[in-house]
Amino acid sequence: MTIQNPVPTVAALLTLLLAGLPARAQVDRETLEILGWAKACSVAVEYYGYPALGNAIFTEPISMQIGSISLVEPKREPVVKWLIHADGKSVWDADKARKAEEKLRKSGFVLKGSSETLPGQPTGWPGVDQVLLTTRSLGAYSPSGWPQEKDFRLHQIHYSPMGTCALLLYRWTGAANRDFFQFVLVRLRNPRAKVERALAYLDLANRLFESGDLDGALRASRLAASGAQRDAETRYKHAAYLALSGYRQEAIDELATALRYRRENRERARLDPDFEDLRKDKRFRLLTH
């Protein structure tokens with residue numbers, strides 16, 4: 001199939017975010033990978049577009065862009081530098097892709113950020129959804145504009161290690177089982193954005209657990225612990241959900257971290273029924289006494 005509006009290629013999007021240019025290749029699904037961040041608000045990305053089953057080689061991309069995107073003051077538009085930007089049935093070259101990745105690493109794109117995948121649907125709790133499903137908590141500033149909300153939903157947030165910018169990945173809502181993306185590099189004006197979102201995930205985890213969804217609670221608490229790594233309550237509750245889910249050693253490791261930030265929780269953990277299965281573990285006894 002040929003991607004028509006509202007699904008422009010990533011390459012077209014980066015230069016004309018809202019222009020809605022059609023794809024040049026017969027792309028049926030897309031992938032996007034973060035290769036690394038530089039010290040400034042600059043990220044290296046690797047985009048591939050794949051053909052539909054029966055067209056060309058299903059597992060080899062027919063569209064590829066490898067390069068960097070940067071926000072450089074005072075420019076209003078992102079600065080895009082592609083090392084590879086090609087479309088067509090014979091576009092795939094593993095050696096060229098590897099060399100492009102290596103060149104980006106040598107030019108400074110070696111820093112690791114963190115990523116967050118948002119819930120696919122509203123959670124049903126408005127206060128949680130207002131934080132998690134929108135950019136309000138980020139204080140995000142996008143000089144190049146935003147995707148159309150009626151066609152795209154916020155899917156992932158890729159944070160820079162500096163915490164000053166992020167790559168927002170939007171997923172097309174027109175296909176339930178195929179990925180088509182738009183993305184925007186933004187500056188973050190709320191330094192506590194990750195923590196605020198982490199606390200919303202903790203709230204979600206507790207609500208899911210109370211409703212009987214332990215698997216969902218564990219997934220949400222994992223995101224909470226990742227976003228608020230020094231918050232004692234977040235790490236404690238994640239440890240509890242790990243223990244309830246049967247991840248004994250991982251739960252003890254997480255509890256050790258939680259107690260490092262709030263030693264007073266030792267007695268709480270010792271009496272907490274969530275840790276019942278850990279009572280006889282030597283490490284647990286050492287941690288809580």
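Colleague: How many bridges join strand S8 (residues 165–172) to S9?
Modeller: The model is predicted: local features need pLDDT of at least 70, side-chain atom pairs count only at pLDDT 80 or more, and totals for chains, interfaces and linings use all residues. Strands are DSSP runs of E with at least two residues, helices are runs of H or I with at least four, and both are numbered from the N terminus; two strands pair if DSSP finds at least two bridges between them. S8 and S9 run antiparallel, and alanine 166 has valine 186 in S9 as its bridge partner. The number of bridges joining S8 to S9 is seven.

Colleague: Which residue in S9 stands opposite alanine 140?
Modeller: Residues are numbered from 1 along each chain as its sequence is written, and side-chain values use heavy atoms, with hydrogens and water left out. Strand S6 (residues 140–141) pairs with S9 in the antiparallel sense, over two bridges. Opposite alanine 140 stands leucine 188.

Colleague: How many of the eight residues of strand S9 (residues 181–188) are buried?
Modeller: Buried means under 20% relative accessible area, exposed over 50%, and partly exposed in between, with a 1.4 Å probe and protein chains only. S9 is largely enclosed by the rest of the structure because its buried residues number seven.

Colleague: What is the distance between the closest N and O atoms of glutamate 73 and arginine 187?
Modeller: A salt bridge is a side-chain nitrogen of Lys or Arg within 4 Å of a carboxyl oxygen of Asp or Glu, and the structure holds 14 of them. Glutamate 73 is exposed at 56% relative accessibility, whereas arginine 187 is partly exposed at 21%. Their closest N and O atoms are separated by 3.2 Å.

Colleague: Are arginine 197 and glutamate 116 buried or exposed?
Modeller: The side chains of arginine 197 and glutamate 116 meet in a salt bridge, 2.6 Å from N to O. The pair joins helix H4, which holds arginine 197, to strand S5 (residues 114–117), which holds glutamate 116, across 81 residues of chain. Both arginine 197 and glutamate 116 are buried.

Colleague: Where does asparagine 190 lie?
Modeller: Asparagine 190 counts as buried because its relative accessibility is 19%. Asparagine 190 is in the loop between S9 and helix H4 (193–210).

Colleague: Which side chain makes a polar contact of 3.2 Å with the side chain of asparagine 190?
Modeller: A polar contact is a pair of N or O atoms within 3.5 Å; within protein, one must be able to donate a hydrogen and the other to accept it, and residues adjacent in sequence count only if both atoms are side-chain atoms. A polar atom of the asparagine 190 side chain also lies 2.8 Å from the backbone oxygen of serine 137. The side-chain partner at 3.2 Å is glutamate 196.

Colleague: Which residues touch the most other members of the largest nonpolar core?
Modeller: A nonpolar core is a set of buried Ala, Val, Leu, Ile, Met, Phe, Trp, Tyr and Cys residues joined through side-chain atoms within 4.5 Å. The largest one has 62 residues, while a second, separate core of 12 residues includes Ala38, Ala44, Met64 and Phe109. In the largest core, the residues asked for are Leu138, Ile157, Leu167, Leu168, Leu185, Leu255 and Phe275.

Colleague: Which side chain is in polar contact with the side chain of serine 70?
Modeller: Serine 70 is in strand S3 (residues 63–70), and at 12% relative accessibility it counts as buried. Its contacts (heavy atoms within 4.5 Å), leaving aside residues up to four places away in sequence, are Cys41, Ser42, Pro78, Val79 and Leu185. At 2.5 Å, the polar partner is serine 42.

Colleague: Which strands stand at the edges of the open sheet?
Modeller: Four strands form this sheet in the order S1-S2-S3-S4, with antiparallel pairing. Each edge strand has a single partner strand, so one side of each is left without a neighbour in the sheet; the two are S1 (29–37) and S4 (79–87).

Colleague: What is the bridge partner of glycine 36 in S2?
Modeller: S1 pairs with strand S2 (residues 42–50) over eight bridges in the antiparallel sense. In S2, glycine 36 has as its partner alanine 44.
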